[in-house]
Amino acid sequence: MRGMTEDQKSAEATPEERMEVQRTIPAEPSRIFALLSDPQGHVTIDSSGMLMDATGEPATKVGDEFVVHMDREALNDYPMGRYDVTVTITKFEPDREIAWTILGTIRPQIGHVYGYTLEPAEGGGTLVTSYYDWSEIDPQWKQADIFPVISETALRATLGILDKTLARSSTW
């Protein structure tokens, strides 16, 4: 990578440090965005089993935060038990994109980002892209070689749960 610009390095690293999955969901972007902005929506669509509950108000802008009550034992990988993390919104474009990072008790902070982009789908509904990006994580965590923490299958399953939730819910 010697002699490459920072943009070229980032573009080269992306496939190895960012995961994306897509699904067309038969709902308007505003309904999907409302669920993704709501702390309880995060808990509802979680496919990992780690998100137990959440405290806080729906996000309305970059910088908004809410607390998610976690249980790492659901993954049976690291014995962390129950703990809380703060979700901090890093991108907020209503009905188009939302992203966040997780701040927890681990030091240094990890720095991975989760997000969704929403686009009108040809033929109706919304093309939802869920992404998980660990390209900017702290060097200590890069060296630990534990990423991705969430599998592509889990990311894809979350989109299925999102679809099912919207089909059954009048809340969002």
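**A walk from helix H5 to the strands**

The buried residues of helix H5 are covered by elements that include strand S1 (18-25), helix H2 (29-37), helix H3 (39-45), strand S6 and strand S7 (126-133). Buried here means under 20% relative accessible area, exposed means over 50%, and partly exposed lies in between (1.4 Å probe, protein chains only). Helices (H or I, at least four residues) and strands (E, at least two) are DSSP runs, numbered from the N terminus. This is a predicted model: local features need pLDDT of at least 70, side-chain atom pairs count only at pLDDT 80 or more, and totals for chains, interfaces and linings use all residues. Residues are numbered from 1 along each chain as its sequence is written, and side-chain values use heavy atoms, with hydrogens and water left out.

Start with H5 itself. The buried residues of H5 include Ala-154, Leu-155, Leu-159 and Leu-162. H5 covers residues 152-168, and its 17 residues should span 24 Å at 1.5 Å a residue. The expected span is 1.5 Å times one less than the number of residues. The end C-alpha atoms of H5 are 25 Å apart, which agrees.

Next comes the core. A nonpolar core is a set of buried Ala, Val, Leu, Ile, Met, Phe, Trp, Tyr and Cys residues joined through side-chain atoms within 4.5 Å. The largest one has 43 residues, and Ile-32 and Leu-162 touch the most other members. H5 gives the most to this core, with six residues. Leaving aside neighbours within four places in sequence, Leu-162 is in contact (heavy atoms within 4.5 Å) with Ile-25, Ile-32, Leu-35, Ile-45 and Val-128. In soluble globular proteins, nonpolar side chains tend to be buried together.

Now turn to S6. Leu-118 has its place in this strand. Leu-118 counts as buried because its relative accessibility is 2%. Beyond its neighbours within four places in sequence, Leu-118 is in contact with residues including Ile-32, Phe-33, Asp-95 and Val-128.

Which strand pairs with S6 over five bridges? Strand S5 does, in the antiparallel sense. Two strands pair if DSSP finds at least two bridges between them. Ile-98 stands opposite Tyr-116 in S6. S5 (residues 97-103) is mostly covered, with six of its seven residues buried.

S5 also runs antiparallel to strand S4 (residues 82-93), and seven bridges join them. Here Thr-88 stands opposite Thr-101 in S5. The hairpin of S4 and S5 has three residues between the strands, and Asp-95 takes a positive phi near 65° in this hairpin.
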